[in-house]
Amino acid sequence: MTRNQPTSLARQLATVLTSKLSWLVLVGVILASGAVMALAPTNESAGSAPDSLPPEAQSAHVDELLDDFPSAGVAPVIAVVTRTDGAQLTGADVVALTGVAQRMRAVERGVDAGPAAPPVISDDKKAGLVTVLVKGDVTGFELRDMVGALRTVASDGLPPGLTSNITGGPAFGADIADSFSGANTTLLLVTALVVAVLLIITYRSPILWLVPLIVVAIADRLATVVGSVVAGWFGLSFDGSTSGITSVLVFGAGTNYALLLVSRYREELRVHADHRDALRTAWLRAAPAILASNATVVVALLLLLVTPLPSIRSLGALAACGIVIAAIFVLIALPGALALCGRGLFWPVVPHDGDADPTESGVWHRVATTVAARPVTIAAIALLAMSVCAAGLIGVKVGLSQTEQFRVSADSVDGYNVVAQHFSKGLADPVTVVARTRGADAVAKAASRVDGVQSVRITETAPTGWTRIAVVIDADPASARAFDTIVSLRTAVSAVPGGDALVGGSDAKEYDTRQAARRSALVVIPLILAVLMLILMVLLRAIVLPLLLVVVTAFSALTALGAGTFLSEHVFGFGALDTNVILFAFLFLVALGVDYTYFLVLRAREEAVKRGTRDGMIRAVSATGGVITSAGVVLAAVFVVLGVLPLITLTQLGIIVGLGILIDTFVVRTCVVPCLILLAGTDRRAG
């Protein structure tokens, strides 16, 4: 047996999955899935936003110390009132503002019934604000509902000519949660519709598209349940963003796997009289590429578990479960469905035994012949064009401020802008400094001398000997200026003898999170490339070619990041890339794009045994060009669907990954990889 021949175990499994009793396997998978979905325990933390703060961060230690203060467990929500005509507030308006505070404090859901703070009027007399405290442990849709109730009572009863906005940390969290209200259903429906349309175009059949789509849809629903259970085992929570990305991955990868299998099945139907024999051969030929690709994606996602960020770990665990389930359904359930339906599933273009081989002509044969004739020239042109795109990363700004998170209007952002226009920018969410009580005065004085600090106020003391200090800074939340002030503030207060001061609060948390995300990217990205290198070495039993393929794959990801960054900034007008976009985009582009590398390289190796390296590559590109293109377009479209969600982070991720998949499909796998194999290979034939 040569290394290209499947093992006896693989043959036995393929026989079972394509036999006349294969429908029993299909029914068994469906029944087992239904049982799991019906009986699986509920993860109580599902729907709650996962904590994005690393536990060892300074701001996390501040949160721990704040648990001992009298105000522990509460967070401020700010209602700001202005006149619609921009005029100064009248005495009656100030009275109305007091009424706003009373109505908000009367809301039972999540509002802390502490003492009421008096209204604060801006120096220009054009805005007034009141603050109420809400329970800090309220998250997700419960937080959305609570803030929604506060907004309703704040606006109700206002005299004509006045308008109100609700802002502050909880309000931002509520608007993020609200952006996912019904979003998963919308995302699922749009994704399914996009996949259905593209499958109809790909297969040119009114019925064939239903089979893989139904199989992948069931896999997606099961993946949501299993992922929730697994996340619960490890104490992880997830929100709409995490589950939305997971659904996109399951649909994208599952459809890709199905396309690879069905494409080879249709090809084998032209050389086998029995459709079950054709399906068996197709399964044996496509399964290695699917398994290798799946292993790469799963390992890459599991590498996210090494990061200190709980939100990233949640995505890694959830998505890894989903990708495994997608592969199981395509390799175990889909063959039974295809075998049951038979050759007629491809109607009206039904392939028959003895039909002409379409790979000996057509557009992909011409492309393959051209690439094989001029590998150096084509590779040089392609790499030069990719270099130009990658240059878009030069000078990229990473990190969206809190007010830049939304692609659509959000009341929390509008409220913050009103506060920033009439009050100090940091008034809506002051920085929190915690210091030893004996050194609190000295720490407060040191903080007041820091550039960018507008006011410092000692607010309360805990019985444990710690004092809380509120520091208002003159900077937009989560902006570069805010982070510079946080760093300077930490340096200044830590130098006070006996103060043991720590700096926390929203800006400090975001700074610590971004620093941890950057460190995570520096660790995870090399590990992903190392895993890809090892899998390719095992698969190809070579060293030089896997190294070249890994370099090209990484360069392809950088190309997409550069081009996507340019589009994000200059076409869509986004101010910066979100912190996690680079890591997620690189991971998805490398892990998912490698599908096509495996499929092409394994087919080229199979054909090279009979035809030699050059003719084998021409045959491989001719045979796989259509399916790789179709799979790439489907996968890119699925990621672009993330743009239906109102968060800029997901829109950016969809743009970059979608664009990268297209670059990978039409340039890298069609031109660059074949050129490298031709330049690195030898013309050997089977003896």
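This is a short chat about the fold of one protein chain, seen in a predicted model.

User: What does the secondary structure of the protein chain come to?
Analyst: The chain has 21 helices and eight strands.

User: What box do the C-alpha atoms fill?
Analyst: Roughly 90 × 50 × 50 Å, taken along the principal axes.

User: How many of the residues count as buried?
Analyst: 55% of the 687 residues do.

User: What about contacts between residues at least 6 apart in sequence? How many join residues at least 24 apart?
Analyst: In this chain, 82% of them do.

User: Let's go to the sheets. What order do the strands take in the one with E1?
Analyst: The order is E2-E3-E1-E4. This is an open sheet of four strands, and the pairing is antiparallel.

User: Which strands stand at the edges there?
Analyst: E2 (120-121) and E4 (162-167). Each has a single partner strand, so one side of each is left without a neighbour in the sheet.

User: How many bridges pair E2 and E3?
Analyst: Two, in the antiparallel sense. E3 covers residues 127-135. Within E3, Gly128 stands opposite Ile121.

User: Which helices pack on that sheet?
Analyst: H4 (residues 91-105) is one of them, and it touches E1 (74-83), E2, E3 and E4. The direction of H4 makes about 10° with that of E3. H6 (residues 169-178) also packs on the sheet, touching E1, E3 and E4. The direction of H6 makes about 90° with that of E1.

User: Now the sheet with E5. What order do its strands have?
Analyst: E6-E7-E5-E8, an open sheet of four strands with antiparallel pairing. E6 (453-461) and E8 (502-504) stand at the edges. Each has a single partner strand, so one side of each has no neighbour in the sheet. On average, neighbouring strands here are turned by 25° against each other, direction ignored.

User: What joins E5 to E8?
Analyst: Three bridges, with the strands running antiparallel. Val434 stands opposite Leu502 in E8.

User: Which helix lies across E5?
Analyst: H15, residues 440-448. H15 also lies across E6 and E7 (466-473), and it runs at about 160° to E6.

User: Pick a residue. Where does Thr432 lie?
Analyst: In strand E5, which spans residues 431-436.

User: Is Thr432 buried or exposed?
Analyst: Buried, with a relative accessible area of 10%. The cut-off for buried is under 20%.

User: What does Thr432 touch?
Analyst: Leaving out residues up to four places away in sequence, Thr432 touches Val62, Leu66, Arg468, Ile469, Leu502, Val503, Gly504 and Gly505.

User: Where does H19 bend?
Analyst: At Val594, by about 30°.

User: Why is H19 largely enclosed by the rest of the structure?
Analyst: Because 27 of its 31 residues are buried.

User: What comes just after H19?
Analyst: Gly612, which takes a positive phi of about 95°.

Key. Residues are numbered from 1 along each chain as its sequence is written. This is a predicted model: local features need pLDDT of at least 70, side-chain atom pairs count only at pLDDT 80 or more; totals for chains, interfaces and linings use all residues. Side-chain values use heavy atoms; hydrogens and water are left out. The bend at a residue is the angle between axes fitted to the seven residues ending there and the seven starting there. Buried means under 20% relative accessible area, exposed over 50%, partly exposed in between (1.4 Å probe, protein chains only). Two strands pair if DSSP finds at least two bridges between them. Contact means heavy atoms within 4.5 Å. Axes are lines fitted to C-alpha atoms, for helices over the stretch in contact, and angles run from 0 to 180 degrees between N-to-C directions.
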